[in-house]
Amino acid sequence: ERIKKLEVYLEASGLKDYTLTAEEEEVLKDFENGKINFRDFKIEKLFEINSYKKRFDANKVFISKVGNPYVVRTSLNNGIRGYIQEDEQFLNDGNTISFGQDTATMFYQEKPYFTGDKIKILKSKDNKFNKKNGLFLISTMTKSFSSFSWGGSSFSVKIIGNQLMKLPIKNQQPNYKIMEILISAIQKLVIKDVVLYVDNKA
């Protein structure tokens, strides 16, 4: 039954296909051979760093499986503690990154969401921003914050904004297309063994 559920999930999420395209193979090869140029960017140059529209106290909301995502400072489940039904005027924008100020946990949030305490909303200044390049950006931001110790302090907007992240470039600007291709290729490499396992068990 679990294998069947996994198979349905892989099919629905588009992860069933693990074959690299010629473009993905080329970009991976260039990356491995150091042929992709990178440079540092401050987070504030690429993102607006906004406060939540309203803080919802975890002790005062009813968390369930229906409603809109409720994002907190957990490192689990994309930061989503559950779902709540509150006034939708206080929803934060989807297609953004949620940032836990005292945990430095970052997640791409596809849909509008409510938040708990000490969450900042990182909204891209570039309309090419999407889920795949967002995952790339999160990985490089996570690396740049890796010296942070859990619970040691709380990041201010200024500290977040001045943090550097290393990104692939084209004409000295972030190359969002390359980021997407790299993430797509990595997803396929990671999921390949899972798909083959499911196919063999089915």
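**Aromatic pairs and charges over rings**

Start by selecting Phe 155: at 10% relative accessibility it counts as buried (under 20% relative accessible area; exposed is over 50% and partly exposed in between, with a 1.4 Å probe and protein chains only). The model is predicted, so local features need pLDDT of at least 70 and side-chain atom pairs pLDDT 80 or more, while totals for chains, interfaces and linings use all residues. Residues are numbered from 1 along each chain as its sequence is written, and side-chain values use heavy atoms, without hydrogens and water.

Rings of Phe, Tyr and Trp (its six-membered ring) pair if their centres lie within 6.5 Å; planes under 30 degrees apart are stacked, over 60 edge-to-face, the rest tilted. The count by this rule is 8 aromatic pairs.

Select Phe 56 and Phe 90 next: this aromatic pair is edge-to-face, with 6.5 Å centre to centre and 65° between the planes. Phe 56 is buried at 5% relative accessibility, whereas Phe 90 is partly exposed at 22%.

Phe 99 is buried, with a relative accessible area of 0%.

Then select Phe 47, Tyr 108 and Phe 129, which form one aromatic cluster.

Last come charges over rings (NZ of Lys or CZ of Arg within 6 Å of the ring centre and within 35 degrees of the ring normal). Return to Phe 90: Lys 54 lies over its face, 5.0 Å from the ring centre. At Phe 41, Arg 39 lies over the ring face at 4.2 Å from the centre.
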